[in-house]
Amino acid sequence: MENKPLEIALYGKGGIGKSTICANLSAALAEGGSRVLQIGCDPKHDSTRLLMGGEDLPTVLDYLRDTPAERQELSAVLGTGCRGIGCIEAGGPQPGVGCAGRGIISAFEFLAKNHSKENYDIVLYDVLGDVVCGGFAVPIRREYAQAIFLVTSGEFMALYAANNILRGIRNYDGDRHRRVAGIIFNRRNIAGETERVERFARAVGLPICAEVPRSDVFARSEERKCTVLDLPEEVPEKQIFRRLAEEISSGLTLREALPLTDGELERCVLEGTPPERAAAPSPARPADEEPSRPKTDRAPRPAPDAKRPPLYGCAFNGAATAAIHLTDAVVIAHSPRSCAFYTWQNISSPGRKNLFNRGILMPSAISPNFVSTEMDRHDAVFGGMDKLRGRVAEAVARKPGAVVVVSSCVSGIIGDDVLTVEELSTPETPVIVIPADGDVNGDYMKGIEMCLHTVAERLVDPRTPPRSRSVNLIGEAGVSNNIDVNYRIIRDLLQDMGIAVNCRFLGDATAEEVRRLTAAPLNILSHDSPDNRKLRRWLEERYGCRFLPECLPVGFRATRDFLEKLGDFFDCREVLLPMLRREEAAFLREAKELNAVLRGKRVAMTTINANVDWLLDAAEAAGVEFVWIGVLNYLRQELRVTDDPRRLALVEEISDWPAAAEKIAALKPDIVVSNYTSAMPEGDYITDSLSMTQLAGFRSGLDVLERWAKLLENRREGEWSRDRALFEKYYA
Ligand code: SF4
């Protein structure tokens with residue numbers, strides 16, 4: 001059975017002398033007969049030097065970095081110091097790169113996997129006490145330290161660090177556990193030092209377990225590369241460590257962590273005013289007495305029935321999804337492979353869905369120019385910049401229109417300096433970095449905004465000569481099956497008027513097309529949304545872009561009005577008139593054909609508060625009767641469902657789906673249509689749902705009616721029954 005040693009952590013501010021104290025304490029414990037293991041948890045990795053006769057040990061992290069996993073062994077990092085003391089240095093990454101806290105975690109995982117503590121009675125952790133992150137706090141966890149000493153001098157910053165450690169312990173333990181053994185006072189001989197430390201000790205309810213004087217003895221021991229216990233001469237300092245070792249061996253009294261607030265600490269240490277609760281804490285306090293609680297930033301746990309907001313993707317996800325629309329760019333996700341995978345799923349889902357609709361179940365070739373640096377544990381500790389630089393250099397060598405780098409949580413949290421890879425830009429290939437940092441810098445929509453702004457700032461060249469008969473399409477980026485279809489519809493209509501699409505910002509566009517964004521005299525927003533309105537304002541303010549008030553039109557009427565406005569702007573009404581006549585004739589002809597199947601059919605609709613005149617116009621032309629329109633008006637805005645006063649009588653606000661279902665059952669319609677997902681109750685009608693982004697152009701309404709006609713015909717001929725088997729196989 002595994003031996004369970006007593007594990008003790010010594011925490012103290014960097015440079016306070018805790019390594020010297022820890023090594024001397026190890027020596028005293030070993031002198032008393034204990035088998036001791038000392039683990040240095042400071043990136044400085046000099047905790048065990050006095051025990052090892054001045055020898056430097058290879059650190060666990062260097063070893064893990066340089067040795068393949070299958071060849072890693074504990075013996076390579078475990079040294080044997082004086083008195084048989086086991087010595088290990090966790091180590092850390094190079095200063096300024098990677099994550100030292102994550103390094104401690106990795107080192108501890110390695111030591112646990114290799115049963116490093118099995119042969120010891122006592123394990124001492126020598127830990128940097130500036131508890132800057134969860135990684136440095138690992139030894140505080142209850143699975144490690146059973147007892148904790150705070151090493152401090154009387155300097156304010158040392159006491160501040162000691163108080164912070166108490167906060168860290170309190171965060172882990174609450175008031176349920178007692179693990180603080182006391183204070184080891186390492187004198188610096190500053191004025192009023194004893195009083196300061198004593199006041200602090202009283203205020204936090206801890207004993208001063210040892211006082212270590214400022215003494216030349218320590219300098220002598222360092223010169224001889226040994227502990228004070230190993231000096232040949234008998235000095236009083238030896239007794240200090242022996243007494244402490246004895247106290248540990250005979251059983252420590254442990255106390256609750258009761259940190260001070262910053263204000264209390266300042267008043268207590270600097271002004272000599274103890275906090276009011278100073279007398280209250282005591283190790284013998286009854287369990288039912290409410291202890292004073294430190295302030296924490298933790299939000300209270302939400303009640304189980306609390307309404308939660310919907311889930312959003314992260315800024316990394318949004319930025320990468322938008323960046324992929326730069327068709328001649330390579331997009332590099334500086335991320336673990338899994339983050340890139342989920343984003344790939346997001347990017348490719350409309351394409352995969354379309355293929356699925358055509359019966360292709362497992363598409364293998366949807367592969368945008370999207371690669372990942374595949375960050376792993378190693379990068380999380382030592383930093384991922386080498387990998388990123390390599391990937392960017394490879395991509396730049398292929399001379400794409402641009403290389404776009406999007407950073408994830410991992411690179412953001414460990415502080416990879418991602419912006420520096422912009423230096424690898426060449427005249428042909430700018431390197432554009434979007435420091436989304438996963439969800440650290442925001443959610444999915446924020447990521448899209450970051451991408452659009454950064455790409456524009458790096459690429460748009462306002463000196464580009466104007467292209468007089470051209471427009472830009474703005475704000476297509478997003479996830480919708482209709483983006484490309486709508487683009488083609490609008491592009492063809494514009495072409496008929498002799499107007500070119502200058503740039504799709506950012507629907508599929510090359511870097512060169514984005515560069516010439518300001519060349520087009522007019523911009524058209526793809527759809528109306530708060531984010532698109534924000535983008536519009538930004539482009540107006542930054543580049544003086546001019547916008548048509550209308551977005552891409554849906555339905556006959558809106559498309560006609562839209563084209564007329566464009567005709568006015570570009571002064572080409574004359575080409576428009578025959579075109580409109582042609583489209584109107586085609587619209588009426590098709591509506592008449594549909595009338596043969598749909599005449600007299602009654603439709604009930606549930607909708608969010610969005611204009612549906614485009615559908616009502618087409619229905620009217622085809623002889624279809626809308627009998628009811630139930631509006632779920634979640635935002636309690638003015639109803640926008642129709643601009644036609646004749647149709648207002650059809651519109652009713654509904655509170656929820658069951659209310660709508662009741663109404664529909666009473667109306668007995670032939671067709672039920674909805675533009676939000678809902679489970680329709682069984683009934684003798686066909687059902688249809690409308691996509692959130694409608695088909696643009698003259699035929700939007702006809703397209704829906706055509707579908708209804710097919711559904712009604714299929715039902716009659718029994719074809720739907722055959723499709724049902726397919727549906728149930730793949731969807732049900
Ligand atoms: S939130 Fe962070 S970890 Fe999750 S997918 Fe985004 S970048 Fe990756």
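**Exercise 1. The shell around the ligand**

Which helices each supply at least two residues of the shell around the ligand?

*Solution.* The structure is a predicted model, in which local features need pLDDT of at least 70 and side-chain atom pairs count only at pLDDT 80 or more, while totals for chains, interfaces and linings use all residues. Residues are numbered from 1 along each chain as its sequence is written.

Step 1. List the shell, taking a residue as near a molecule if its C-beta atom, placed from the backbone, lies within 6 Å of it. The residues around the ligand are C314, F316, N317, S335, C339, Y342, S408, C409, G438 and D439.

Step 2. Locate the helices, which are DSSP runs (H or I, at least four residues) numbered from the N terminus, as are strands (E, at least two). Helix 9 (315-323) and helix 10 (337-357) each contribute at least two residues to the shell.

Step 3. Sort the shell by class, where Ala, Val, Leu, Ile, Met, Phe, Trp, Tyr, Cys and Pro count as nonpolar, Asp, Glu, Lys and Arg as charged, and the others, Gly among them, as polar. The shell holds five nonpolar, four polar and one charged residue.

**Exercise 2. The nonpolar core**

State which residues touch the most other members of the largest nonpolar core.

*Solution.* Step 1. A residue is buried if 20 or more other C-beta atoms lie within 10 Å of its own, exposed if 12 or fewer, and partly exposed in between, with C-beta atoms placed from the backbone. A nonpolar core joins buried Ala, Val, Leu, Ile, Met, Phe, Trp, Tyr and Cys residues through C-beta atoms within 7 Å. Of the 732 residues of the protein, 44% count as buried.

Step 1. Examine the core. Among its 109 residues, A319, A323 and V405 touch the most other members. Helix 14 (residues 444-459) gives the largest share of this core, eight residues.

Step 2. Follow A323. Two residues are in contact if their C-beta atoms, placed from the backbone, lie within 7 Å. Beyond neighbours within four places in sequence, A323 is in contact with A329, V331, V404, V406, I434 and C451. Another core, of 95 residues, lies apart and includes C22, L150, F185 and I248.

**Exercise 3. A pair of helices**

Describe how helix 1 packs against helix 7.

*Solution.* Step 1. Two packed helices are described by the angle between their axes and the distance between the axes. Axes are lines fitted to C-alpha atoms, for helices over the stretch in contact, and angles run from 0 to 180 degrees between N-to-C directions. The axes of helix 1 (residues 18-31) and helix 7 (residues 236-249) come within 8 Å and cross at roughly 65 degrees.

Step 1. Name the residues that meet.
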